[in-house]
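Dear colleague,

Please find below the structure that I am handing over to you.

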Amino acid sequence: MTNEEQNFVEITDEEGNVTQCEVYDIVEFEEKTYALLLPVDDESEEEPELIVLEYIEEGEECFFQNIEDDEEFDRVCEYIETLAEEVEE
């Protein structure tokens with residue numbers, strides 16, 4: 001698999017809908033790793049919404065997991081926003 005192929009993943013939501021996403025970035029925060037994913041098949045005219053999932057590596061296996069804790073999710077999103085602000089400066 002080439003690096004370009006590795007930058008795209010398919011995720012399935014709770015209703016079974018499959019979304020193809022580009023892996024925008026992987027960030028470390030509070031001793032966990034999170035994946036920032038951008039949907040690539042979004043046909044709306046709006047900017048696609050960033051999807052944030054926990055990124056877990058077990059041996060050679062990698063997978064994404066929903067962030068179930070609302071407070072953890074909020075902290076991660078705030079951290080990502082500060083990173084985005086730093087890049088814009």
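With which residue does K32 form a salt bridge? The partner of K32 is E72, with the closest N and O atoms 3.3 Å apart; a salt bridge here is a side-chain nitrogen of Lys or Arg within 4 Å of a carboxyl oxygen of Asp or Glu. This pair links distant parts of the chain, K32 being in strand β3 and E72 in helix α2, 40 residues apart. K32 is partly exposed at 32% relative accessibility, whereas E72 is buried at 11% (buried means under 20% relative accessible area, exposed over 50%, partly exposed in between, with a 1.4 Å probe and protein chains only).

The model is predicted: local features need pLDDT of at least 70 and side-chain atom pairs pLDDT 80 or more, while totals for chains, interfaces and linings use all residues. Residues are numbered from 1 along each chain as its sequence is written, and side-chain values use heavy atoms, without hydrogens and water.

The whole structure holds two salt bridges. In the other, E30 pairs with R75, the closest N and O atoms being 3.1 Å apart. E30 lies in the loop between β2 (18–29) and β3 (32–39) and R75 in helix α2 (residues 70–88), so this pair ties together parts 45 residues apart in sequence. E30 is partly exposed at 43% relative accessible area, and R75 is also partly exposed, at 35%.

As to the overall fold, the elements run α-β-β-β-β-β-α from the N terminus (DSSP runs, numbered from the N terminus: helices are H or I of at least four residues, strands E of at least two). Of the 89 residues, 24% count as buried.

Yours sincerely
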